[in-house]
Amino acid sequence: MPPSIINDCDNMYRTFLTRIYPFKQSRRWLRDSIVYGVAIWAILYLLQPFGFSMYNGNKCLAAALFGLVTLVCYATYGFAVIRPLNQHIRPWRIWHQGCLVLGLILFIALCNFLLFSVVFHCPITLQLFLLFLRWTLIIGIIITALSIGIEYNQSLRDRMEALLSNTAEEQKDIAITIHDNNVRGNDLTIPINDLLYIEAQKNIVVVSYMKDGEPTTAEVHTTLTAAIEDLKDYENIFQCHRSFVVNVNNITSAKGNSNGYQLRLATCASSIPVSRSYVAQLKSFIA
């Protein structure tokens, strides 16, 4: 591989690892430790991986013991390691979080290995510990990935709710006007908080808004660019797609990933797409 490509990859990974970790650290150590303990019990007892099915004793009790050790390890690690480090290291970066997770997995692997040796009457050897560590890593990576996914969605919802609460009340008495370019057309004037979205369709735009508590639509002879120009002074009006503009105040949920999102607005039955090219702007918009 050419040195330039190696350097580019090295710089990319270094840049990623030194980014600020985007999620808040959970302070609910006991709750989280119970969740992870139950998850370990469920994986061992229900799926019975790594030869656990060959155990002739009480599998439910044995799985519960491993889950209990995981619970105690996570709670102890949270109070003794995670909390002090979070308080003293600022800013908290991705590589900090990665090292923290690897340390937690190693701690859980060591404690569960000792329990494994007692339950299954196995000698304590380095080879067996490394094998057990590999199993713990596999399970730990799966659980960590699920946890990050949950944290990401929760963070997105929190940011969205904060944005909505800050803007909706401030704009309660503001009305907006979307100008119709047709000679016989009528301009559309509505309260800004009633606007749901604007969609470009050929030579018109379709404006979806709330009227008497129900979503309705109106056609205006203009372009999406012109409509955006009419609304340029309002920060909560966001173009999420080349054919759509949404009122962020009325977003109730956002689901998706880096390839795109689907937005749900108030009582509107349809979802609004956020194309891939606008995802980064959406994240920075609601950050």
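**Salt bridges and nonpolar cores**

Across the whole structure, a search finds 2 salt bridges. The model is predicted.

**Salt bridges**

- Side chains of opposite charge can pair when their charged atoms come close.
- Asp-32 counts as buried because its relative accessibility is 10%, and buried means under 20%.
- Another salt bridge links the side chains of Lys-232 and Glu-229, also described by an N to O distance of 2.8 Å.
- Here Lys-232 is exposed, having a relative accessible area of 56%, while Glu-229 is partly exposed at 45%.

**The largest nonpolar core**

- The largest nonpolar core has 31 residues, of which Ile-40, Leu-44, Phe-52, Phe-66 and Phe-132 touch the most other members.
- At least two residues of this core come from each of helix H2 (29-47), helix H3 (59-88), helix H4 (94-119) and helix H5 (126-167).
- The helix that gives the most to this core is H4, with 9 residues.
- Leu-44 is in contact with Pro-49, Phe-52, Ala-63 and Phe-66, leaving aside its neighbours within four places in sequence.

**A second core**

- A separate, second core consists of 19 residues, including Phe-244, Val-248, Leu-263 and Tyr-278.

Conventions: Residues are numbered from 1 along each chain as its sequence is written. This is a predicted model: local features need pLDDT of at least 70, side-chain atom pairs count only at pLDDT 80 or more; totals for chains, interfaces and linings use all residues. Side-chain values use heavy atoms; hydrogens and water are left out. A nonpolar core is a set of buried Ala, Val, Leu, Ile, Met, Phe, Trp, Tyr and Cys residues joined through side-chain atoms within 4.5 Å. Buried means under 20% relative accessible area, exposed over 50%, partly exposed in between (1.4 Å probe, protein chains only). Helices (H or I, at least four residues) and strands (E, at least two) are DSSP runs, numbered from the N terminus. Contact means heavy atoms within 4.5 Å. A salt bridge is a side-chain nitrogen of Lys or Arg within 4 Å of a carboxyl oxygen of Asp or Glu.
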